[in-house]
Each structure stands twice: as C-alpha cells, then as structure tokens.
Amino acid sequence: MTTPEKPAVNPALAVLAWLWVIVPFGYGLYELLIKIPALFG
Amino acid sequence: MPAGFLARERIVAPPGWSRWLIPPAALSIHLAIGQAYAWTAFKTALTSTMLNGNPNAGVLSALPFQLAIVMLGLSAALFGTQVDARGPRWAMVVSSSCFVAGFLISALGVSIGAYWLVVLGYGFVGGIGLGIGYISPVSTLIKWFPDRPGLSTGIAIMGFGGGALIATPLTNQLLAAFGGAVKGGSASPVASTFLVMGIIYAVFMSVGWLLIRVPAEGWRPAGWDPATQTAGAMISTKNVSAANAIRTPQFWLLWVVLCFNVTAGIGILERAQDIYTDFFGAGVSPAGIAAAAGGFAAMLSLANSLGRILWSSASDPLGRKRIYMIYLGVGAVLYLAITLLGNSNKVVFLICSIFILSFYGAGFATAPAYLRDLFGTYQVGAIHGRLLTAWSVAGVLGPLIVNALADANKGIAGPGRYTTAFTIMIVLLVIGFVANALIRPVNAKFHEPDTTTVTPEGAQA
C-alpha cells in the first residue's frame, strides 16, 4: 500500500526538530574550528 | 485497554506523518550517547583531582569508560530482542534513564569521594543506556527509509561518532565554569559538571522518545517499489542463521578484525588529550596545551564520525574485504609513522591520527554490510549483536594497553612514553589484516534451506 502523503505534521515542528540537533552539532563544529589555530600554534 | 505511553502501538504514525522527523529523533539519542567518546575530558579532570597522586591513576580513570563499552556490547547483544519487541520509544526511555542516571550517580560518587560510584554509575548503568540507545533508533530508521537505508543509518551512526564533538567542549567549558579541575585541587567542579550534563542530556534526549514513530503496517514511501531495491542491492542469495554463524570461522575471523581495529582506535581516542599533551606539551603554557588537546580530541571525534559514512560508503564499490585491508593495513603504517616520527612533525601526527580514527569509525559502520555479505540478511541483526561483543573486549583491551604502559613509562618524557603501546597496536592491526585476508565465503553446509524467509533486519550498527 502506498500512502498518499498528506502532511499530518506542522512544518514548523520538523524545522524545530532539526534545529534541536543541528544547533548543538553546530556548536561542536564551531568549538572545533576555533581550536584549530591552537592545535597548530 | 489503551496502550501504555511506551507501547509500540501508541507510536504508530498516522497517515501523512513526515518520516523526516525520525532522523532528528534518532540523533537526539545518538548525539547524546556518543558522549562516551568524550570521556577523555572527564578522565583528565578526574586524574588531576580525585585520583591525583594515585600511581594507577591512568588505569583507574579509564575504568568507567571501559566498563561502559563492555556494557554497551553486552546490552546490545542481550536486549536486542526486547528492543524489537517493545518498540523504539520504550528503548529510548530506558536508554535515556540509564544514561542520565549514570551521570547523576557519578556526580554523587565524585562529591562524596567514592570513585567506585563513578565506575558503577557511568560505566555499568550508563553503559546499559549506551547499548540500548545504540540499537534502538537504527532499526526504526531502516523501516522508515527502505529506499535509502544507507543514508538513514549513516546519519545515526555519524551521530554516535559526533557526540563527542559536542560533549568535549561542553565538558571542558562546564569544568572551567565551576572552577576548573586544578591539579591536586577540589573535585567539586567535576561533580557539578557530571550533574549538569546529566540534566542537559535528560532534556535533550526527551525529544527522541517524544518524536519517535514507527510506520504503520504495510507503509512504504510514495512511489517506491521494493522490487527495484532488491534488484539493485548487493544482497547475498544464501542465508546463515545466527546459531550457525557463530560456528563458522568467518564469524570469528571478522570478530578478530573488528576487535583489533577497534582496539587500535580506542586506545588513542580514550587518552587523546593526555597523548597530545605528552607529545606536544613541552614548553607550552598549561592553558595553551589544554586548549590544543581539547581541539585534538574534538578533531578525532569528527574524524571518527565522518569515517563512518565516508569509508563505509566507499565499501560498496570497493568491496568489504578490500576496504578492511585498507583500514587495517594503512592503519598499521600510520601507527608506525607516529611511533617513528614522534613529535618531530605535528602535521603528520595529526593527519595520521585523523586517518586512524576515521578507520576506527568506519570499522563499525562497515561491519553490518560485511556480515550481510557473508551470512545473508536472515538474522543478520542477531549476528551483529553477537559481533558487538568484540567491541566490548576492545573497549577493555585498547585503553588497558595504552594506559597501563603509559603509567609504567611515566618516567619517560614525550612520545617515547607510548612507543611500546603503539608497537602493540601495530602488531594487533597486522593480526587483524591477516584475519581479514583469511575470510572466504561461508561453507554451503551452514546455509539455510532456500525457503527461509529473508527479513530486512540488517545494519543495526
């Protein structure tokens, strides 16, 4: 059975859900990038 | 009677539910439990405070991490069936509860000076959370993305590898905010950091179990035809049961391959900050070397994370056996380069370390596909659960080798402190390389009859 994809989810919820994981990951990446000069200093 | 909050029936997605909500749910769990790879930050803090002056500080400070990895493998193998039966929300709640409890118990242990509570809390209780959390979202993702299983599981597996990217700076910043882990000073900042991180992870992981849904029976993505996937994928035509698989030499050869590949990576990963400090700490201010060592640990976790998706993707065109030869063979050469060059060239040291850790992550990510190639898709999940015991052994072996030898060579300054440990790693990688070279197709006597139903339960890593 192929379910017709009628959105049952508010798109804002999907955006928030992705931000929930992307923001901490972005924080980790940012913290890594600003440490790179120290790594080679 | 209505289904309970944790029951599988309660989280069957209504028509039109977006499957793109499932990856962030899975990542909420995997990005959290991936914190295990950032243990090195706590290890350094504990060695400076609670374990300061203890001649076995290196080995003792590795114990919580080692036990956590042992429990990860054991609980993944033991509770895999329960996770499938009870559903991902149950699994995620159990995982979150155990993982968070591990931090809270550790906070208590540090604050009252009972180190055994840190081992019990973070290692035993938290480790169960790691194992159940590790397998719970991945199998759900496969059901939601039958058309893109590699992409979906790759996201989660990357999340586990990338958890330390968040946890390393978070731990170090919290420690600094609470007064810092000063050598010989109070352990109170360490206790506070454990406590706050436990609370943060409780909130962060809650989105995972709130958001997770399972697809309704018979659901499939719009426009996707299962027949096209079967025709295009590299799927073994013969199947081997889990009971028979562990009777084959192939299973045990692969067990050795995974165990030694993981041992080689985990030895560096678990002691990353200390290794960097020992290699490049001479003549650098404590603050400067601490910052650089933190960056080194974070960079390794990024390599671990990216290696999972990049190298395992490359294994499709290259073949599983060939790619493991690269992981093990090139890994041994890189370890040799680090051992011989020492701290004479920082760029070479960093490049070698990054590749070693990318091979480490890739070893995990490629294992389910290797199992599927050898044993087919019938019960590959159960076989994989048994294979993860290699991770448990490696979780003890790697840190034990590096820390015990580093403790024993405390009088040796600089890279020389690790020469023996790294030489052992090279030998282990060569043994793994040989074991991989010996792997041949499974003898037909182990094959299931052709009528066996093939279920797509693979790739639970």
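Student: Where does His447(B) lie in chain B?

Tutor: This is a predicted model. His447(B) sits in the segment after α17 (419-437) of chain B.

Student: Why does His447(B) count as partly exposed?

Tutor: Count the C-beta neighbours. A residue needs 20 or more within 10 Å to be buried, and 12 or fewer to be exposed. His447(B) has 19 inside 10 Å, so His447(B) counts as partly exposed.

Student: Which residues does His447(B) touch, not counting residues up to four places away in sequence?

Tutor: Lys238(B), Asn239(B) and Val240(B). His447(B) and Trp252(B) are 195 residues apart in sequence, and their C-alpha atoms are 17 Å apart in space.

Student: Now the core. Which residues touch the most other members of the largest nonpolar core?

Tutor: In soluble globular proteins, nonpolar side chains tend to be buried together. Here the largest nonpolar core has 164 residues. Those touching the most other members are Ala68(B), Val190(B), Leu258(B), Tyr335(B), Ile356(B) and Leu429(B). Helix α14 (residues 346-375) of chain B gives the most to this core, with 16 residues.

Student: What is Ile356(B) in contact with, leaving aside its neighbours within four places in sequence?

Tutor: Ala264(B), Gly265(B), Ile268(B), Gly331(B), Leu334(B) and Tyr335(B).

Student: How do I read a helix pair? Are α3(B) and α16(B) roughly parallel or antiparallel?

Tutor: Look at the angle between their axes. Over 145 degrees counts as roughly antiparallel. The axes of α3 (residues 57-86) and α16 (residues 389-408) of chain B cross at roughly 170° and come within 7 Å. That makes α3(B) roughly antiparallel to α16(B). Residues in the contact include Phe65(B) and Ile69(B) of α3(B), and Trp391(B) and Val396(B) of α16(B). The contact divides into 13 nonpolar, seven polar and one charged residue.

Student: How many helices and strands are in chain A?

Tutor: One helix and zero strands. Chain A has 41 residues, and buried residues make up 15% of them.

Student: How many residues of chain A are in contact with chain B?

Tutor: 26 residues of chain A contact 31 residues of chain B. The chain A side has 18 nonpolar, four polar and four charged residues.

Student: At what angle do α1(A) and α1(B) cross?

Tutor: Roughly 35°, with axes that come within 8 Å. The crossing is left-handed. Among the residues that meet are Trp18(A) and Phe25(A) in α1(A), and Leu27(B) and Leu31(B) in α1(B). By class, this helix contact has nine nonpolar, one polar and no charged residues.

Terms used: Residues numbered from 1 in each chain as written. Chains lettered and ligands numbered in written order. Predicted model: local features only at pLDDT ≥ 70, side-chain atom pairs only at ≥ 80, totals over all residues. Axes fitted to C-alpha atoms, helices over the stretch in contact; angles between N-to-C directions. Helix = DSSP H or I, 4+ residues; strand = E, 2+ residues; numbered from the N terminus. Left-handed = near helix turned anticlockwise from the far one by under 90°. Contact = placed C-beta atoms within 7 Å. Nonpolar A, V, L, I, M, F, W, Y, C, P; charged D, E, K, R; others polar. Core = buried A, V, L, I, M, F, W, Y, C linked by C-beta atoms within 7 Å. Parallel < 35°, antiparallel > 145°, perpendicular 65-115°, else oblique.
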